[in-house]
Amino acid sequence: MMTEKETATEKIISDAMANPSPAKSMGDPGITPLSPSHTQQSDTDQVPSGPSYVVVVAIDFGTTSSGYAYAFTKEPECIHTMRRWEGGDPGVSNQKTPTTILLTPERKFHSFGYAARDFYHDLDPSESKHWLYLEKFKMKLHTTANLSIDTDLHAANGKRVKALDIFAYALAFFKEQALKELSDQTGGEFDNNDVRWVITVPAIWKMPAKQFMREAAYKSGLVSCENPEQLIIALEPEAASIYCRKLRLHQMVDLGTQTIQNGCSPTDNMGSAMTQGDRYVVVDCGGGTVDLTVHQIRLPEGHLKELYKASGGPYGSIGIDYEFEKLLCKIFGQDFIDQFKIKRPAAWVDLMIAFESRKRAAAPDRTNPLNINLPFSFIDYYKKFRGHSVEHALRKSNVDFVKWSSQGMLRMSPDAMNSLFKPTIDHIIQHLTELFEKPEVSDIKFLFLVGGFAESPLLQQAVQDMLQGRSRIIIPHDVGLTILKGAVLFGLDPSIIKVRRSPLTYGVGVLNRFVEGKHPPEKLLVKDGTRWCTDVFDTFIAADQSVALGEMVKRSYTPAKPSQQVIVIHVYCSEKEKVGFISEPSVRKCGTLRLDVSGTESTAPRREIQTLMQFGDTEIRAMAVDVSTGRTVKASIDFLSH
């Protein structure tokens, strides 16, 4: 039985089919829109459950450190984090391993994490310059504007490698580690088909970066492209949000009171302190990015609704490393530091490890200086390079808060260290301040501070000063593992997040009937006596629009030539909510929708292809149906520029 609205819709479709428009725009292939704009349907009950998995394994592939965690679907409450890694650093918890990778001179995978670092470090300098060592390479996916399958990365010795290969090697490493551990646990060979994999990415990543991660997973053999459902791409702050809601009160610290009680017993669930409609912000501070997400709880099931689109930027803790590098350049000269990094890459890594543990000791109330060990080869190479000592360089540089200590160390005053944190923390605070001014973000009850950088007392203090008691600041105890554990929970029940906000406006280019006075004259195209307006942006979904999980946008198109075997529809996106034409400056081509209609010869005079785009998930999916034959045609959106 059709509703009135649907009958009207059917009529519009049949009218449109009677006088189709040959869409020709900006070199786009001919597609003709047949359907009215946006038909929404809530098919949330019919989300296919898919095969059942024995275990969910989540990989947190971080900028600075990575790890995995898992839970068996039979005991979802019990989340296991991976075994301790060999070779951890003093003063740094080794629950995760550094995101570092080492390839042999023949470009074959050698090792990952602490193992890669230690092996590289023990190589003779004459040898090490032939090996390819990479770290902090994940940020490349965020910073590359036209990311493609061919994007390059630079190893420590300056050589270029394909980013896709590196990401695939890293994922293959985690696959092997996790399966080995699962086999040991279950006492038999563990089958990869029984695993549902989850990979976490920043929420502020654009579609190409998410697709890049998926391509790397296919290449690594984590999952096959024939079975894409086996891999879920999860958003880091969402994972954190799911985990924070489940926290028992003894598993976190309330910064305001530094106590954990607040009128509930410590074994109470965080959820019991949260009620229907409560709003909270998750601030995920990682190594590379800071991600802010605003959620509201919808009871009884405790589903989450995103109130404001994810925001943030590249303000992770590696910003402090860059400031330290800038400081070294100021003291010893940019030319020397550049040379040193290439000629003595292992010693440079050493220096950054020494800095890392001192960085973690920085605190607002610290009064004694921090000593950073300079590797002998730094002191030695500097003397060769400049002809005078490191000590001399420090004396004549006008950086007065860094001194030379006779034990061969750089001695930094607490103020000097704090000033390295300042630019990064200022960015985060500015972002939070802007977020709290948004009308959608009023009345926030809790602010969860998660991610590795959330452990920084300097950052905690700054957030407290900014909020001045407007929300309660909560920090989970195992703050670096929050995302990992939340990602496992998400993999066990991906439908927990019911409503998301679209970060961008998406649409396609079509032709519409030309309307005098409404359409600009330069867009007029006359074809067979009919007046068309070209380059019209047909909106699928608008920026910041609420989208329910599994929500479909349906459109119908017809190929311009009946003989066409492949229909190519370009997908455009824009940060702006309202877009009229694909030629506007804010609009960029962000993907291509390919429909393979070969082998479906149709007798109908106008062949209708119905495209369905599914939003509301962490990735956009597309399907298409050839209406005359009822056959599903293959459809995939490609967001990676080739």
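Which residues is Asn192 in contact with, leaving aside its neighbours within four places in sequence? Contact means heavy atoms within 4.5 Å, and for Asn192 the partners are Lys175, Leu179, Trp197, Gly221, Leu222 and Gln230. The views below come from a predicted model, in which local features need pLDDT of at least 70, side-chain atom pairs count only at pLDDT 80 or more, and totals for chains, interfaces and linings use all residues. Residues are numbered from 1 along each chain as its sequence is written, and side-chain values use heavy atoms, with hydrogens and water left out.

**View 1. The whole protein.** The protein has 16 helices and 33 strands; helices (H or I, at least four residues) and strands (E, at least two) are DSSP runs, numbered from the N terminus. Of its 642 residues, 54% are buried. Buried means under 20% relative accessible area, exposed means over 50%, and partly exposed lies in between, with a 1.4 Å probe and protein chains only. Among contacts with a separation of 6 or more, 69% join residues 24 or more positions apart.

**View 2. Asn192 in its loop.** Asn192 is in the loop between α5 and β12 (195-201). Asn192 counts as buried because its relative accessible area is 13%.

**View 3. The nonpolar cores.** A nonpolar core is a set of buried Ala, Val, Leu, Ile, Met, Phe, Trp, Tyr and Cys residues joined through side-chain atoms within 4.5 Å. In the largest one, with 144 residues, Phe167 and Phe332 touch the most other members. Helix α5 (residues 163-186) gives the largest share of this core, 11 residues. A second, separate core has 31 residues, among them Met207, Val547, Val553 and Phe581. In soluble globular proteins, nonpolar side chains tend to be buried together.

View 4. Not counting residues up to four places away in sequence, Phe332 touches Ile337, Phe378, Tyr382, Arg386, Val390, Ala393 and Leu410. Helix α9 (residues 318-332) packs against helix α10 (residues 334-343) at an angle of about 120 degrees, with the axes 7 Å apart. α9 is therefore oblique to α10. Axes are lines fitted to C-alpha atoms, for helices over the stretch in contact, and angles run from 0 to 180 degrees between N-to-C directions. Angles under 35 degrees count as roughly parallel, over 145 as roughly antiparallel, 65 to 115 as roughly perpendicular and the rest as oblique. From α9, Glu325, Leu328, Cys329 and Phe332 meet Gln334, Asp335, Phe336, Ile337 and Lys341 of α10.

**View 5. Helix α11 and its crossing with α10.** The axes of α10 and α11 cross at roughly 110 degrees and come within 5 Å. This angle makes α10 roughly perpendicular to α11. Ile337, Phe340, Lys341, Ile342 and Lys343 of α10 make the contact with Pro345, Ala347 and Trp348 of α11. Helix α11 (residues 345-359) has 15 residues and spans 21 Å from first C-alpha to last, close to the 21 Å expected at 1.5 Å a residue. The expected span is 1.5 Å times one less than the number of residues. α11 is mostly covered, with 11 of its 15 residues buried, including Trp348, Leu351, Met352 and Phe355.

**View 6. Helix α7.** In helix α7 (residues 236-246), 10 of the 11 residues are buried. The buried residues include Glu236, Glu238, Tyr243 and Arg245.

View 7. Thr592 is in strand β30 (residues 588-596) and counts as buried because its relative accessible area is 15%. Leaving aside neighbours within four places in sequence, Thr592 is in contact with Val568, Ile569, His570, Val571, Ser636, Ile637 and Asp638. Phe376 is in helix α12 (residues 376-386) and counts as exposed, at 65% relative accessibility. The C-alpha atoms of Phe376 and Gly408 are separated by 8.4 Å, with the two residues 32 apart along the chain.

**View 8. Loop residues with positive phi.** Most residues other than glycine have a negative phi. Lys136, not a glycine, has a positive phi of about 50 degrees. Lys136 is in the loop between β9 (132-135) and α4 (139-143) and is partly exposed, with a relative accessible area of 23%. Asp544 has a positive phi near 65 degrees. Asp544 is in the loop between β26 (530-541) and β27 (546-548) and counts as buried, at 13% relative accessibility.
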